[in-house]
Amino acid sequence: VPTKKLKKYEKEYQTMRESQLQQEDPMDRYKRENRRLQEASMRLEQENDDLAHELVTSKIALRNDLDQAEDKADVLNKELLLTKQRLVETEEEKRKQEEETAQLKEVFRKQLEKAEYEIKKTTAIIAEYKQICSQLSTRLEKQQAASKEELEVVKGKMMACKHCSDIFSKEGTVKPAAISREDQGIESDDEKDSLKKQLREMELELAQTKLQLVEAKCKIQELEHQRGALMNEIQAAKNSWFSKTLNSIKTATGTQPLQPPQATQPPKEST
C-alpha cells in the first residue's frame, strides 16, 4: 500500500472516530475520561510514592556514607597527627644519632691515629732490633771465625813446641796428661795458663754475645706480639663502631638492627 494512501486512510479513520465520539452520549464519554484520569492519577501517585521512598532511602544511604567518611576522616587525621609526631621524634633521634656518629668518628679517628703512631713506633723498634740482631749475628760469626783462627794458631804453636806437642793429638783433641807437672818447664806453664785464660775470655765473650742475641730475639717477639694486639684492638674498634652506627641508624628508622660482623684476626707472624 503506498504511503499516501495510508495517510489518507489514517485521516479518514480519525474523522470517523471523532464523528463516533460526538455521536456518543456525553455522560459515558465523561465517565470514561474520568476513569482514565483516575488511573493516570493513581499511577502518578504510585510513582510519587516510589520516588519519595527512593529519595528517603538515598538520603539514609548518603547519611550513612557521610558518617563513615567522617569517621574515616577522623581516623586519618589522628594517624596524620601521630605520623607528624613520629616524624618529629625521628628527626630529633636522627639529629642525635648524627651528633653521636660525629663524636664516634672523631674518637675513632684519634684512636686510629694513636694506634698508627704506636704501630709505626713498634715497627721502627722492631726494624732497629732486627738490625741489631743482624749486627750481633755478624759480629758473633766474625768472633767465632777469629776464635777458630786463634785456636788454630794456638794449636799450631803448641804443636810446634816440644814440651806442649804431646798435649794435643793429630786430630786436634787434648790428650790426657801423661807427664807430671814437675817435668815441665816454667815457661810452658805460663804459656799454657795464658792460652787457657785467653780461651776462657773468648768463651765468655761468645756466651755474652749469644745471650744478647737471645735477648734481642725475645724483645722482637714481644714487640711482634704487641703489634698483633694493637691490630686486633684496631679491628675490634672498627667493627664495634661500624655495628653501633648501623644499629643506631636501623633503630632510628624502626627496623631490626644488624648483627655485628665477626672480628677478623690478623695472621700471626712467625717468631
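Reply: A contact means heavy atoms within 4.5 Å. Among contacts in the chain between residues at least 6 apart in sequence, those joining residues at least 24 apart make up 68%. This is a predicted model, in which local features need pLDDT of at least 70, side-chain atom pairs count only at pLDDT 80 or more, and totals for chains, interfaces and linings use all residues. Residues are numbered from 1 along each chain as its sequence is written, and side-chain values use heavy atoms, with hydrogens and water left out.

Me: How many helices and strands does the chain have?

Reply: Helices (H or I, at least four residues) and strands (E, at least two) are DSSP runs, numbered from the N terminus. The chain has three helices and zero strands, giving the pattern α-α-α along the sequence.

Me: What share of the residues in the chain is buried?

Reply: Buried means under 20% relative accessible area, exposed over 50%, and partly exposed in between (1.4 Å probe, protein chains only). Of the 271 residues in the chain, 15% are buried.

Me: Is Tyr 9 buried or partly exposed?

Reply: Tyr 9, found in helix H1 (residues 3-23), counts as partly exposed because its relative accessibility is 47%.

Me: Where does Glu 54 lie?

Reply: Glu 54 belongs to helix H2, which covers residues 26-160. With a relative accessible area of 48%, Glu 54 is partly exposed.
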